[in-house]
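Open the structure in your viewer and keep the selection tool ready. The stops below follow one another, and each says what to select and what is there.

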Amino acid sequence: MSLKKTLFEKIWHDHLVAQPAGRSPILYIDLHLVHEVTSPQAFDGLRAAGRKVRQPARTVATVDHNIPTEPRGTPITDLIAAKQIAALQSNCKEFGIRLFDMDSPEQGIVHVIGPELGLTQPGMTIVCGDSHTSTHGAFGSLAFGIGTSEVEHVLATQCLAQQTPKTMKIDVRGRLAEGVGAKDLALGIIGQIGTDGATGHVIEYAGQAVRGLSMEGRMTLCNMSIEAGARAGMVAPDETTIAYVKGKRFAPKDAEWEKAVAYWRNLPSDEGVTFEKVVEIDAAQLCPFVTWGTNPGMVAPVTGRVPEVKGLQEADRHSTELALQYMGLEPGKKIEDIGIDRVFIGSCTNSRIEDLRAAARVAKGHRVSSKVRAMVVPGSQTVKRAAEQEGLHRIFQDAGFEWRESGCSMCLGMNPDILQPGERCASTSNRNFEGRQGRGGRTHLVSPMMAAAAAIAGHFTDIRNWKFQ
Amino acid sequence: MKPFTVHRGRVAPLNRVNVDTDQIIPKQFLKRIEKTGFGQFLFYDWRFGADGKKNADFVLDEPRYEDASILVAGKNFGCGSSREHAVWALADFGFRAVISCSFADIFANNSTKNGFLAVRLSQDEVAQLMQRAQDIDNYQVTIDLEKSEVRDDEDFRAKFPIDDFIRHCLLNGLDDIGLTLQHEAEIAAYEARHPALRALQAP
């Protein structure tokens, strides 16, 4: 057996607490992120069994999924949502867990605040009761979403019994062209391998185009791993990673920092190591993408058309027909001819400062189409403050975008930010499932630049031809 | 956890691929802080119109599939969100198992924690069951976890793969938190061994 190991295998082996015969290995969890939606039943379970939280210091909570993005202090009119938030507050108090609450200057989407507080670090195992936990893999950590029973398991034991996933490498050769970003790379990959193309696997993204991504870009890419069915997505830590983590609030300091960095530098996959599955992507072939259907694998180049149904195999034809019917689209329609009603710039996929800078660059000096209602929802209060310091909020507001408070917002429409039936939205979020952004709503996934351009044009338009002002 | 050993029940066919957890239990119902009562919201946007009235043509509401306890569906069932509410809703509605040729990882994991079975058969086998559930009145199958087998009263008989340990837990209804806590000494030893690395330094 080869002694060479992948990044994933190094982290996995470093976290094995026990390997009981005939059972799943028991893995130690370094960081457990908690939010209001998937945790209340887990805390109830602890209480019922008389258990405590084993490591409150490794458990961090925030409210993000169902909170309004109106100015803070506006009363929450949804009483069931308010009750869920109150449950998290009292659970955190009872079990001694740090909570970044509604009024905290560091509140935000759980996958935005973890990295920006330095909680997310290379080499860690990170879990959260949310499928987009894969985001944190951008730092070279093993991060994956879990259900509420496993949330309870981690709270009680700081461990998880896990079957060993398979390894997969996605090697992105060459460079991304101007106007083509991490979101397009993610959509291009899912379009190629499908929404179950990585099921049972942990993806390591590698290659020149991935190395060239900022931490924000890597987070966007890893975030969407779950949309390809992956257990997790990862990027090996490098100087970009180390520079990002340094000085963050919870990051190691002084001698601990030096030790940590030395450890991180040994994490990348060994040269010549074997992966169980390898996919190669030519970055030069990628372009700005727009989804046309009801899952993230249904993508087309912005210069392309809605697919024809004729000639498809029966299973594909059936799902394509259902998707087009739901989306209210004719086969063969040009993507650039699809008009939109709403724009959402936000979510754990694309709400970080770099995303907002990219969108603001497009919006600057333009006006949102009179037919379109567009909103920008920063991923966290920290992102919001940074954007305001740079004056990005003015650019957005001058162009006619709404500038709102941080949260998950219209990515999943658990708060009042939802689409009305039949409304069509250009969204920087991660899922275009039926009803995801509101019952009957039609979601097209795009990059932040493409979303901003669509808001102004009133329809999808190729960002590569944009007149920046 | 409720043990799963052998279950015989009526099969309902849901002939769609990539059924995501947003469809199984739409987000407006995730604000409840209980584990119970989600069955009434199962496939809500497919089962009910915007006015709250039932869509008579949704398969689960056809009289012949009333009381079905086994769902057979297309590939990649349970993709998307990690919400365990999806499994709670299926179980609360009266299902004990879903049969498909593939499942999303988190959904499959969540199933095992609730005494609910995600049974993986081949594409051909799933297609056969789907057809029979549509063609045969009151079509029933037996899911036998002891033998890791699905069979009907005619000639259908297929083995399904399942991890030995997960099977053991399901057969006996074991609480896996309790099982992990049997390793308390090893967890404590691990924590003592790794004090510095991956530390979260309080500011």
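Select A:Val343, which touches A:Val372, A:Ala374, A:Cys425, A:Ala426, A:Ala451, A:Ala454 and A:Ala455, leaving out residues up to four places away in sequence. Two residues are in contact here if their C-beta atoms, placed from the backbone, lie within 7 Å. This is a predicted model, in which local features need pLDDT of at least 70 and side-chain atom pairs count only at pLDDT 80 or more, while totals for chains, interfaces and linings use all residues. Residues are numbered from 1 along each chain as its sequence is written, and chains are lettered from A and ligands numbered from 1 in the order in which they are written.

**Stop two: H12 and H15**

Select helix H12 (residues 353-363) and helix H15 (residues 448-457) of chain A, whose axes come within 8 Å and cross at roughly 30 degrees. H12(A) is therefore roughly parallel to H15(A), a label for angles under 35 degrees. Helices are DSSP runs of H or I with at least four residues, numbered from the N terminus. The axes are lines fitted to C-alpha atoms over the stretch in contact, with angles from 0 to 180 degrees between N-to-C directions.

To see the contact, show A:Asp355, A:Ala358, A:Ala359, A:Val362 and A:Ala363 in H12(A), then A:Pro448, A:Met449, A:Ala451, A:Ala452, A:Ala453 and A:Ile456 in H15(A). By class, these are 10 nonpolar, no polar and one charged. Ala, Val, Leu, Ile, Met, Phe, Trp, Tyr, Cys and Pro count as nonpolar, Asp, Glu, Lys and Arg as charged, and the others, Gly among them, as polar.

**Stop three: H2 and H5**

Move to helix H2 (residues 40-49) and helix H5 (residues 148-157) of chain A, where the axes come within 8 Å and cross at roughly 50 degrees. The contact joins A:Gln41, A:Ala42, A:Gly45 and A:Leu46 of H2(A) to A:Thr148, A:Val151, A:Glu152, A:Leu155 and A:Ala156 of H5(A). Five of the residues in this contact are nonpolar, three polar and one charged.

**Stop four: the side facing chain B**

Show both chains: their contact takes 69 residues from chain A and 47 residues from chain B. On the chain A side, H5(A) gives the largest share, seven residues.

Notes
Helices (H or I, at least four residues) and strands (E, at least two) are DSSP runs, numbered from the N terminus. Angles under 35 degrees count as roughly parallel, over 145 as roughly antiparallel, 65 to 115 as roughly perpendicular and the rest as oblique.
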